[in-house]
Amino acid sequence: QYALRRRMRNDGIKVLLTGEGADEVLSGYERSLPFYLSALMESGQLEHLPDAVEGACDFLSCDRKKVIQNWMGFLNARLNNRFRQLHEVGVGVVSERLFDKYGDSLLSQGYLNREDFGEGRFLWENLYTHLFERFIPLILRIEDRVSSAFSIESRVPFLDHELVETAWSFPFNKLMEKGRNKAVLRNTLRG
């Protein structure tokens with residue numbers, strides 16, 4: 001990033017649009033697939049699982065066995081470790097902490113639809129954690145410092161509050177239709 005910003009300054013570029021946040025808001029990461037499949041299962045949409053696995057295989061160019069093995073490994077890890085502990089203490093402890101920390105302010109501003117956060121909880125919590133607690137805060141700090149060092153204004157249109165509000169108002173299964181990530185964006189661009 002540093003070398004790129006230096007080159008941009010030397011070329012006279014003053015404003016940069018980045019794609020930061022697109023994966024976190026629109027479920028773009030490949031690693032979101034197990035969360036999506038689990039959300040389908042949790043919400044009782046079992047009839048969509050075969051299409052989701054097939055779609056992911058086509059999109060990611062991998063075989064069905066690998067997708068299912070990764071998902072089963074994900075579920076097994078959840079069940080064997082943290083999930084069992086949470087159920088001993090009380091169902092939804094992690095979700096409630098996450099929601100208590102940010103949920104009310106986001107709901108009051110219209111960023112989250114409480115019903116969708118409940119139905120697709122696996123996927124929503126994954127996206128929510130990456131957007132507000134893990135990657136994006138760090139990435140934005142780095143982006144701001146590097147761009148500022150070269151007097152470049154860096155803009156992040158995928159983190160615009162109206163885009164986040166709109167994207168997160170869709171049902172969870174629209175974010176990864178048939179196992180394909182960023183489905184809302186792809187469908188919008190397709191027209």
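The structure is a predicted model, in which local features need pLDDT of at least 70 and side-chain atom pairs count only at pLDDT 80 or more, whereas totals for chains, interfaces and linings use all residues. Residues are numbered from 1 along each chain as its sequence is written, and side-chain values use heavy atoms, with hydrogens and water left out.

The protein contains twelve helices and two strands, where helices (H or I, at least four residues) and strands (E, at least two) are DSSP runs numbered from the N terminus. Read from the N terminus on, the elements follow the order α-β-α-α-α-α-α-α-α-α-β-α-α-α. Of the 191 residues in the protein, 39% are buried, a term that denotes under 20% relative accessible area, with exposed denoting over 50% and partly exposed the range in between (1.4 Å probe, protein chains only). Contacts are defined by heavy atoms within 4.5 Å; among those between residues at least 6 apart in sequence, 75% join residues at least 24 apart.

Helix H8 comprises residues 121-132. Its end C-alpha atoms are 16 Å apart, in agreement with the 16 Å that its twelve residues should span at 1.5 Å a residue, the expected span being 1.5 Å times one less than the number of residues. Ten of the twelve residues of H8 are buried, so the helix is largely enclosed by the rest of the structure; the buried residues include Phe122, Trp124, Tyr128 and His130. Thr129, which also lies in H8, counts as buried because its relative accessibility is 13%. A polar atom of the Thr129 side chain lies 2.8 Å from the backbone oxygen of Glu125.

With a relative accessible area of 0%, Ser27 is buried, whereas Ser151, at 61%, is exposed.

Leu26 belongs to helix H2 and is buried, its relative accessible area being 4%. Not counting residues up to four places away in sequence, Leu26 touches Phe158, Ala167, Leu175, Lys182 and Leu185. The C-alpha atoms of Leu26 and Val164 are separated by 8.5 Å, although the two residues are 138 residues apart along the chain.

Pockets were identified on a 1 Å grid over the protein atoms alone, a pocket being an open set of points where a 1.4 Å probe fits, with protein on both sides within 12 Å along at least five of seven lines, and lining residues having an atom within 4 Å of a point. The second largest pocket has a volume of about 150 Å³, the volume being the space filled by probe spheres set on the points. Its lining consists of Tyr36, Leu40, Gln45, His48, Asp51, Ala52, Asn173, Lys174, Glu177 and Lys178. The elements that give two or more residues to this lining are H3, helix H4 (49-60) and helix H11 (172-175). By class, the lining has three nonpolar, three polar and four charged residues, where Ala, Val, Leu, Ile, Met, Phe, Trp, Tyr, Cys and Pro count as nonpolar, Asp, Glu, Lys and Arg as charged, and the others, Gly among them, as polar.

Note on methods: Polar contact = N/O pair within 3.5 Å; in protein donor to acceptor, adjacent residues only side chain to side chain.
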